[in-house]
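Reader: I like to see each structural label set against its cut-off. Could you take me through this one that way?

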Amino acid sequence: METKKDALSRHFGRGAPLIELRGGEALARAGQPLRGLFRLEAGRIAELTAEGPNSARLVAVHRPGAVIGGVEALGDGVHRTDLVALRDSALRFLPLRKTESLLRRDAHALAEVARIALKRVASDDAPPPRGGSILGFVSVSERLFMRRMVEAIAQGVGRLGSRAVVLGAEAARLSAAELSKLEESHDLVMLAVEHGETEFTAFCNRQIDRLVLVGDAKAAPAAGLVPVSAALSAHKLLDAILVHPPDARRPSGSESWLANLPASRLFHVREGSTTGMNRLARVYAGRSMGLVLSGGGARAYAHAGVVRALRELGAPIDFVAGNSMGAIVAAGVAMGWNNAEMDARLHEAFVASSPLNDIAFPVLAMTHGREVEARLARHFGETEIGDLWRPFACVSTDLTAGAVHVHRRGKLREALRASLSLPGVLPPVVMDGHVLVDGAMVDNLPVDLVKAWHDGPTIGVDVGHAEGLRPEDLELQPSPAAWLTSGAWKHGPPIVSVLIRSATVGPEAAALATHAAFDLVITPQVDAVGLQDWKAYAPAVDAGYRATLAQAEAIAALTAGRRDAQDAAEG
């Protein structure tokens, strides 16, 4: 008996015209009338919607077997999006007249087109896949030998249980159909392009799902390093990897590279580092791990315990983001601090003495903020966000635009200062003409920052929804006079706790929706830790540590039971 799918497929047989597109060519543009239905035989077709004069948003990626045009055929017959070939592609074509005749007389074919159209409309709000099965690694520095590096990444992919094949310039002899067959038998097809292979670079640009430019971090980047196809650039499918000397303590020079290429992700590795290659293998195999840390005053010390436990469990942290005090711990992870350094720096910056002891006449805030700024400068220096071992982001609230402000570039300490700027406690930060305060006002657990970066699991740690204020927290203990004479005033009056709690509390439904976006949420039991109890480091860290170990089985499932303890601990 003929199925609905059979009824449609037979009309795209050998008799249907074949259309071939080179990577970057458009099949149709938004606003153009529908020419008919298309079935993708080989390659990739992206759907893009314009968001400005020079920007577009990727809304879908069609793979071989997809039927394109169903939404338009059942609607007004006008394309809603640009259809652009991501790589050399081949499509079978059913002209509009035949399409209309088919849908009038064949109920099975009509039902199948309707099913495809409904599925496509339902996917409008879902993010398209960020990964891809054909990756192009292009050396932009003469000293780097790309084949060797890509094979090292492929070995890491193999240890994760995925199948990868590495091809050099010999891949240029393959057709789009032959590449599609390679995809069917491998999880990843990795093209290694050596420096100066201009013809192979052009071929690579037309065949890949993601372009990865690899440079020597110690070399000066040249403008226009590699021509990047409009399709790849438009929806940010471009990575950069900077290779550092084996003894490099910290990356540097990222901003000059980022100024010369529109990379959406930047990775740093030490030359010859197995740890670095394993991290890249996780990223490109869709097995990387993301971590997002919430704000919550002194309760956010618990994040240090979470990080310690994750490392002991062998769960690598590949992408990290946070807000307020959670951003401080996340930045420490991105800097490459080990457990001892994390503890030492947090003690010096927050535990040994209150960072809020420069009390001010409350015109803008209760403190001047200079003490916080000095401590951020001492521990993070002039480090740029791009010069971190792991991709990092934090959020603040933009009072000028009335929206969340995402910090992915610029001075790390300045981004952290904005994310920490709880209204009424610390003065706002003015950055590029915008007034910025604590990110908890709009997004205390910014899951989207990390989810948009990778295809692997993401863990959230929420200390912002622990038990809130108690009546006794509003009193000056043991008395107003003793509070002043004892020096307890340096920690701030009870209004500080009120402001912190006001920023982190939110509707339960919103919290549940945020938690649902994560693969796992850890909620340390920190009710006994006061929001401004900066001395309560040990109990908060212990709560985070124990809460994470309690989720050991779930974490093992997310990492497929693999223990990469060395990768997790190293920078």
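Predicted model: local features only at pLDDT ≥ 70, side-chain atom pairs only at ≥ 80, totals over all residues.

Reader: What makes β9 and β12 a pair of strands?

Author: Strands are DSSP runs of E with at least two residues, helices are runs of H or I with at least four, and both are numbered from the N terminus. Two strands pair if DSSP finds at least two bridges between them. Strand β9 (residues 134–139) and strand β12 (residues 210–216) have five bridges, in the parallel sense, so they count as a pair. Within this pairing, Ser139 stands opposite Val214 of β12.

Reader: Why are β10 and β14 called edges of their sheet?

Author: The sheet is open, with six strands in the order β10-β11-β9-β12-β13-β14 and parallel pairing. β10 (164–167) and β14 (265–270) each have a single partner strand, so one side of each has no neighbour in the sheet. On average, neighbouring strands here are turned by 20° against each other, direction ignored; such angles run from 0 to 180 degrees between the N-to-C directions of axes, which are lines fitted to C-alpha atoms, for helices over the stretch in contact.

Reader: Which helices pack on that sheet, touching β9, β11 and β12?

Author: Helix α7 (residues 198–207) does, and its direction makes about 155° with that of β11. Helix α5 (residues 146–159) lies across β9, β10, β11 (188–193), β12, β13 (238–244) and β14, at about 160° to β11. Contact here means heavy atoms within 4.5 Å.

Reader: How do you know that β3 and β6 are paired, and in which sense do they run?

Author: Two bridges join β3 (residues 36–42) to β6, and the strands run antiparallel. The pairing rule asks for at least two, so the pair qualifies. Phe38 stands opposite Ile68 in β6. The open sheet they belong to has four strands in the order β1-β8-β3-β6, with antiparallel pairing, and its edge strands are β1 (18–21) and β6 (67–68).

Reader: What makes a group of residues a nonpolar core?

Author: A nonpolar core is a set of buried Ala, Val, Leu, Ile, Met, Phe, Trp, Tyr and Cys residues joined through side-chain atoms within 4.5 Å. Buried means under 20% relative accessible area, exposed means over 50%, and partly exposed is in between (1.4 Å probe, protein chains only). The largest core here has 59 residues, and Phe380 is one of those with the most contacts inside it. Helix α12 (residues 325–335) gives the largest share, nine residues. Another core lies apart from it, with 37 residues, including Phe137 and Val150.

Reader: Why is the contact between Glu41 and Arg39 called a salt bridge?

Author: The term asks for a side-chain nitrogen of Lys or Arg within 4 Å of a carboxyl oxygen of Asp or Glu. The N to O distance for Glu41 and Arg39 is 2.8 Å, so the pair meets the definition. Arg39 has 17% relative accessibility and therefore counts as buried, whereas Glu41, at 31%, is partly exposed.

Reader: What does the salt bridge of Glu183 and Arg44 tie together?

Author: Their side chains meet at 2.7 Å, N to O. Glu183 lies in helix α6 (residues 176–185) and Arg44 in the loop between β3 and β4 (45–52), so the pair ties together parts that are 139 residues apart in sequence. Glu183 and Arg44 are buried. Arg44, Arg87, Glu183 and Asp209 are linked in a network of salt bridges.

Reader: How do you know that helix α15 is mostly covered?

Author: In α15 (residues 412–420), seven of the nine residues are buried. Among them are Leu412, Ala415 and Leu416.

Reader: Which residues meet where α11 and α12 come together?

Author: His303, Ala304 and Val307 of α11 meet Gly326, Val329 and Val333 of α12. The axes of α11 (residues 302–312) and α12 come within 9 Å and cross at roughly 30°.

Definitions and conventions
Residues numbered from 1 in each chain as written. Heavy atoms only, no water.
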